[in-house]
Amino acid sequence: MILDLFRLNGKTAVITGANTGLGQGFCIAFAEAGADVIGVARRSMQETKEKVEKAGGNFQEIIVDLSQPNAVELVMENCNSLCQNVDILVNNAGIIKREEAKDVTAENWDMVINLNERLVFFLSQAMANRYFLPNKSGKIINIASMLSYQGGIRVPAYAASKSAVMGITKALANEWAPFGINVNAIAPGYMATNNTTNLRNDTQRSEAILDRIPAGRWGTPNDIMGAGIYLASEASAYVNGFTLAVDGGWLAR
């Protein structure tokens, strides 16, 4: 049956930024599709755990500050103790600093680039070396952005990092597709999450954004879950290096 291709039974998924927003949504959706879920975040994911278990899934957490230099090593050490294998990695954790280009400090620039770009590459590398390459299978889903395509306003570091995410996705796919590893990305449109709270509270900016979205509304975590299941499952076995926009039509305008 075609629907069986979308099932994640017997798979283990590691999802960063799992305590809220899109990350929490991915945890619930993947659990509903049959996967065991390991969430990674810097604070307790008790709410995510409760929602995953309510959906009938299994959830374990790794509490790590992903901005720290040894974050990748800590994640891998915990994964090795929590499970025998990892099949899916979702690089969802990210940060945004809104400030004019003339005011960006080196500290803020490095903070955004380290979490949004550097971590994506080196966690993917570590997971591939430990699990995916030896198994000749695996799924990596990177969370890109509309600013992977555009420059944005007052977010130069974020735009740079998310453009890099698209490039990393293509580069890793070129090297790892021959080994049965699918590396793809999702570019969410303007989503009603904690990252966009200030933007949504700015009436002028919010109205300007909504005017351009053909769907006429902000997206929600539920809007993006189907794309996540697709890219994590065997249904996308021949999809490599692609960034799928889930944007209500924003890029079509």
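This is a predicted model: local features need pLDDT of at least 70, side-chain atom pairs count only at pLDDT 80 or more; totals for chains, interfaces and linings use all residues.
Two strands count as paired if DSSP finds at least two bridges between them.

The model contains an open sheet of seven strands in the order 3-2-1-4-5-6-7, and the pairing is parallel. Strand 3 and strand 7 (243-246) form the edges, each pairing on one side only. From one strand to the next, the twist averages 20°.

Several of the pairings can be described by their bridges. The table lists four of them.

| Strand pair | Bridges | Sense |
|---|---|---|
| Strand 1 (residues 12-16) and strand 2 | five bridges | parallel |
| Strand 2 and strand 3 (residues 59-63) | five bridges | parallel |
| Strand 5 and strand 6 | six bridges | parallel |
| Strand 6 and strand 7 | four bridges | parallel |

**Strand 2 and its neighbours**

Strand 2 covers residues 36-41, and because five of its six residues are buried, the strand is largely enclosed by the rest of the structure. Strand 2 pairs with strand 1 and also with strand 3. Gly-39 takes part in both pairings: Gly-39 is the bridge partner of Ile-15, and it stands opposite Glu-61 in strand 3. A further bridge links Val-37 to Phe-59 of strand 3.

Strand 1, helix 1 (residues 21-32) and strand 2 make a β-α-β unit that is right-handed. A right-handed β-α-β unit is also made by strand 2, helix 2 (residues 46-54) and strand 3.

For strand 6, both faces are covered. Ile-181, Val-183, Ala-185 and Ala-187 are buried on one side, and Asn-182, Asn-184, Ile-186 and Pro-188 are buried on the other.

Strand 6 pairs with strand 5, and one of the bridges there sets Ile-141 against Asn-184. On the strand 7 side, Ala-187 stands opposite Ala-245.

Ala-245 lies in strand 7. Is Ala-245 buried or partly exposed? Its relative accessible area is 28%, so Ala-245 counts as partly exposed, given that buried means under 20% and exposed over 50%. Not counting residues up to four places away in sequence, Ala-245 touches Met-146, Tyr-149, Ala-187 and Leu-251. Ala-245 and Ile-186 are 59 residues apart in sequence, yet their C-alpha atoms are 5.9 Å apart in space.

Strand 5, helix 5 and strand 6 make a right-handed β-α-β unit. Helix 5 lies across strand 5, strand 6 and strand 7 and runs at about 160° to strand 6.

Ser-161 is a residue of helix 5 (residues 156-176). Its relative accessibility is 0%, so Ser-161 counts as buried. Which residues is Ser-161 in contact with, leaving aside its neighbours within four places in sequence? They are Val-112, Ile-113, Asn-116 and Glu-117. With Asn-116, the side chain of Ser-161 makes a polar contact, side chain to side chain, at 3.2 Å.

**Helix 3 and helix 4**

Helix 3 (residues 71-82) and helix 4 (residues 106-135) also meet: their axes come within 10 Å and cross at roughly 35°. The crossing of helix 3 and helix 4 is right-handed. Helix 3 contributes Val-72, Val-75, Met-76, Cys-79 and Asn-80 to the contact. From helix 4 come Leu-119, Phe-122, Leu-123, Ala-126, Met-127, Arg-130 and Tyr-131.

Definitions and conventions
Residues are numbered from 1 along each chain as its sequence is written. Side-chain values use heavy atoms; hydrogens and water are left out. Buried means under 20% relative accessible area, exposed over 50%, partly exposed in between (1.4 Å probe, protein chains only). Helices (H or I, at least four residues) and strands (E, at least two) are DSSP runs, numbered from the N terminus. A crossover is right-handed if, with the strands pointing away from the viewer, the path from the first strand over the helix to the second runs clockwise. A polar contact is a pair of N or O atoms within 3.5 Å; within protein, one must be able to donate a hydrogen and the other to accept it, and residues adjacent in sequence count only if both atoms are side-chain atoms. Contact means heavy atoms within 4.5 Å. Axes are lines fitted to C-alpha atoms, for helices over the stretch in contact, and angles run from 0 to 180 degrees between N-to-C directions. A crossing is left-handed if the near helix is turned anticlockwise from the far one by less than a right angle, and right-handed if clockwise.
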